[in-house]
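Welcome, and thanks for taking a look at this one with me. Here are a few notes to read alongside the structure.

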Amino acid sequence: MKKIILLLTFAFCCVSTTSAQEITLRKGIILDSIRVNDSISENFALYLPRKFDVKEHWPVLFLFNMEGKGKAAIQPFVQAGENQNYILVASNHVNDSLSITQNVLIASRVINRVLAILPIDARRIYTGGIALGGTFASIMPIVSKNIKGIVSVGGGIANADVLTPGNPFQFIGITSVNEYKSIQMEESERLLNNLRFSNQLFFYEEHTNPSAIYFVDLTLQVFTLNAMAKGEVIKDEDFILDSYRKNLMVVNSLIKDQKLLRAYSFSEEIMEIFRVHLDISELKEVQKSLRKSKEYKVAKRMESNYRFQEELLQEDYDYAVYEDVATYNFNNLGWWNFQMQEIKKFQNAENPYERQMGNRLKDFVDYLVDKNIKELKEENVLDEEGLTLLYMLNTITDSDNHDAYIGVISLSSKVEDYSTALFYLEELLKTGFTDKQRLYDIPNTALLRISPEYNALMLTYLKEARYDIKEQ
């Protein structure tokens, strides 16, 4: 591991930033495909806030999208970048199909290029992203001490082994209470707390306030507030008080909506952020009142009970997937179907903590199946029987995943198990799938496609059969 980090550090330091390219900068819009330099084809997306002025120095947030879509990486952060006056940058070439070293090299070239052409405040350089992009962003402070903070929406720390108190950075996580990733991010939070890294974790719930967008904006405020606390930015007392008051109102709003546990969790984060700037006694009183509340105590106990149940079910699901694939236990698909029905009951429950548990369990099962499929595909010798089982399981856990049905059809046809292939073809068509060309392009199905049964299904569901059906 140390050897890898040394290599990444060396790569970061040795990236060339020379280029004769002329760039026309425009404010208030996302500029895409800005070349890194003239000798390579790499480029990046850039957003400059409307108040941008070359005579001043600006904070910058480097964002990552692991599909190489820089504009898509920037878009969710534009409102916050505009509100808080941050430059936003994202490479179009970082991709999860590349190695960590390759991605760090690409990211480093973009960072060095931006530092060379724009008036960046070197004390206020941050990285971030969504999901895997946020996880990758947590790698960059390891290879550059200039990066002071990370914002990750739905992605935890990449590798705990390389975190050292000698190279601290601030980590701000944003996660949905309905996603399995929230549990992973809580684990990252505990790790960072043990290492005494400055960090916050904000929880949101879809279609309710405060939203994920609110917390993205708050994150950039926190970066600015910390810079003020360190003397890197002139203290703005009005900005500090206004931000504190707005977030105190959010805490009170959560209490009013009976989201007491989220109100308490959020108040803890706000206290940590603002305690160095002003008197937080008002917030302490709010917390004290919550702790004495009977409703809060009941909610705390209820959430704890559901979390315990969730942990047990996760262990069951994890073990079952492992055992089923290892023993090719196709007979257990019925058990999985029953489990998914139980999860649906949780998801439709009146109790909000039970609903959240159900949503996280569904997300966890999806994660398990996807992870195991990916692992089998990466093996040198493809375990086709195990992969077939996982595809079948995937049609149960995610009935709208057309790729899973197609995977079963292809692998079953390869071993001439046409009855299974036809069954999953009909199940796929029942979902409303209408891509005729893709059906005729499924690998290993040449003989299946000329069968009367196949074409009868095509005629029934898609009103078209490529081959005539002869009645006996």
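1. A term to begin with: a residue is called buried when its relative accessible area is under 20%, and exposed when that value is over 50%. Tyr296, at 8% relative accessibility, therefore counts as buried. Please keep in mind that this is a predicted model.

2. Which residue makes an aromatic pair with Tyr296? The partner is Tyr264, and the two rings are tilted, with 5.3 Å from centre to centre and 40° between the planes. Tyr264 is buried as well, with a relative accessible area of 13%. Because Tyr264 lies in helix H10 and Tyr296 in helix H12 (residues 294-327), the pair ties together parts that are 32 residues apart in sequence.

3. Aromatic pairs come to a count of 19 here. One of them joins Phe64 and Phe136: the ring centres are 5.0 Å apart and the planes stand at 85°, so this pair is edge-to-face. Phe64 belongs to strand E3 (residues 58-64) and Phe136 to helix H5 (residues 132-137), and the pair links these distant parts of the chain, 72 residues apart. Both Phe64 and Phe136 are buried.

4. There is also an aromatic cluster to look for, formed by Phe202, Tyr214, Phe215 and Phe266. Phe202, Phe215 and Phe266 turn up again in the lining of the largest cavity.

5. Now to the empty space. Rolling a probe the size of a water molecule over the atoms shows where such space is left. How many cavities of 30 Å³ or more does the structure hold? There are three, and the largest cavity has about 60 Å³ of space.

6. The lining of the largest cavity is made up of Leu201, Phe202, Phe203, Pro210, Phe215, Leu254, Arg262, Ser265, Phe266 and Glu269. Strand E8 (199-204) and helix H10 (260-274) are the elements that give two or more residues to this lining. With four residues, H10 provides the largest share. Sorted by class, the lining has seven nonpolar residues, one polar and two charged.

7. Glu82 sits in helix H3 (residues 78-84). Setting aside neighbours within four places in sequence, Glu82 is in contact with Tyr47, Pro49 and Arg50.

Note on methods
Residues are numbered from 1 along each chain as its sequence is written. This is a predicted model: local features need pLDDT of at least 70, side-chain atom pairs count only at pLDDT 80 or more; totals for chains, interfaces and linings use all residues. Side-chain values use heavy atoms; hydrogens and water are left out. On a 1 Å grid over the protein atoms alone, a cavity is a set of points where a 1.4 Å probe fits but cannot get out, and a pocket is an open set with protein on both sides within 12 Å along at least five of seven lines; lining residues have an atom within 4 Å of a point. Grid points are joined across faces, edges and corners, and a volume is the space filled by probe spheres set on the points. Ala, Val, Leu, Ile, Met, Phe, Trp, Tyr, Cys and Pro count as nonpolar, Asp, Glu, Lys and Arg as charged, and the others, Gly among them, as polar. Contact means heavy atoms within 4.5 Å. Rings of Phe, Tyr and Trp (its six-membered ring) pair if their centres lie within 6.5 Å; planes under 30 degrees apart count as stacked, over 60 as edge-to-face and the rest as tilted. Buried means under 20% relative accessible area, exposed over 50%, partly exposed in between (1.4 Å probe, protein chains only).
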